[in-house]
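Please look over the sequence and the structure before reading on.

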Amino acid sequence: PDKHGNIKDVTLGFDELADYYNTDTGFGAYVGRNANRIKNACVTIEGKEYELDKNDGENNLHSGFVRSHCMMYDTVFGKNQEGNYVEFSRLSPQFEQGFPGDLEQKIRYTLTEKNELIIDYRMVSNETTVVNPTNHTYFNLNGQNNGDILQHQLEICSDSFLEIDEDFIPTGRVLSVENTPMDFRTMKIIGKQIDYSDIQISRARGYDHNYVFENNGKLKKMAKMYSEESGITMTVYSDLCGMQLYSGNFLDGVIGKDGTKYEEKAGICFETQYYPNACNEKQFPSSILKAGQQYKSRTVYEFAIH
């Protein structure tokens, strides 16, 4: 509900199930095994090289052409002390998407009485492999059929981000947000500094950058977004070390819910994850999961009225 008590649908999406197979948008998608980009669509694990789909120029994006959100999952509905949940589970077989190992995946979505959406990930593989899932929901706190997100206000609790090259791949350099359009340490209007004279902004046509957080495995506040129009706030928490901010720069008029035409910047994503290309960058926290070890992570989207 917004500040007037009217229910708002704050996520972009489709009316028909079949449309969610659209891999260009990934509305609402669970992205696995690996979110974001892998340079040269190649990863070396324990001395062995694995070639992946080149579905983003010479690079791999969101694990290639075979997308996890297009698969069928076993489902369990339940309720615990946190709220009502639905849990999706599926075995991703060896070399699906090009990665080694049979990967057991569990993704649980819990809706709490406090208007929180909690996403819990549990993964285990019989071989050492890459595991770096995320959620790709586009949010618009004015409502999915109500313009763009450029007047939303945003705070990001990070003082550094990853520099990207012209292919959106991190260069390995961690840059300070100080005196750049990337600085959201104090809440500001999103569109205020989408300054295309800044090389990082112009390369991405807006924000499509990974912010850096402490890699301590503890749940922490990453971001908070607010719409003055609706009075709705959304706070993002995660126990991961990175969050990709994507301001919907490549939405191109796709028709969504209620016939809504989603133009550029109609929604914004907060993709909690390991850093892009973390499986190849030695100085980044690694997204390589050892055989038999469990990957465990939580992301929370908390909604309130300001």
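## Surface and basis of the model

Accessible areas come from the Shrake-Rupley method with a 1.4 Å probe, and for residues only the protein chains shown count as cover. On this basis the accessible surface of the protein comes to about 13,600 Å², with 46% belonging to carbon and sulfur atoms.

The model is predicted: local features need pLDDT of at least 70, side-chain atom pairs count only at pLDDT 80 or more, and totals for chains, interfaces and linings use all residues. Residues are numbered from 1 along each chain as its sequence is written, and side-chain values use heavy atoms, with hydrogens and water left out.

## Overall form

The protein contains 1 helix and 24 strands; these are DSSP runs, with helices (H or I) of at least four residues and strands (E) of at least two, numbered from the N terminus. Its C-alpha atoms fill a box of roughly 55 × 50 × 35 Å along the principal axes.

Of the 306 residues, 57% are buried, meaning under 20% relative accessible area (1.4 Å probe, protein chains only).

## Asparagine 210

Asparagine 210 belongs to strand E16, which spans residues 208-212. Asparagine 210 is buried, with a relative accessible area of 2%.

The side chains of asparagine 210 and glutamine 244 are joined by a polar contact of 3.3 Å. Such a contact is a pair of N or O atoms within 3.5 Å; within protein, one must be able to donate a hydrogen and the other to accept it, and residues adjacent in sequence count only if both atoms are side-chain atoms.

Terms used:
Buried < 20%, exposed > 50% of the residue type's maximum accessible area, 1.4 Å probe, protein only.
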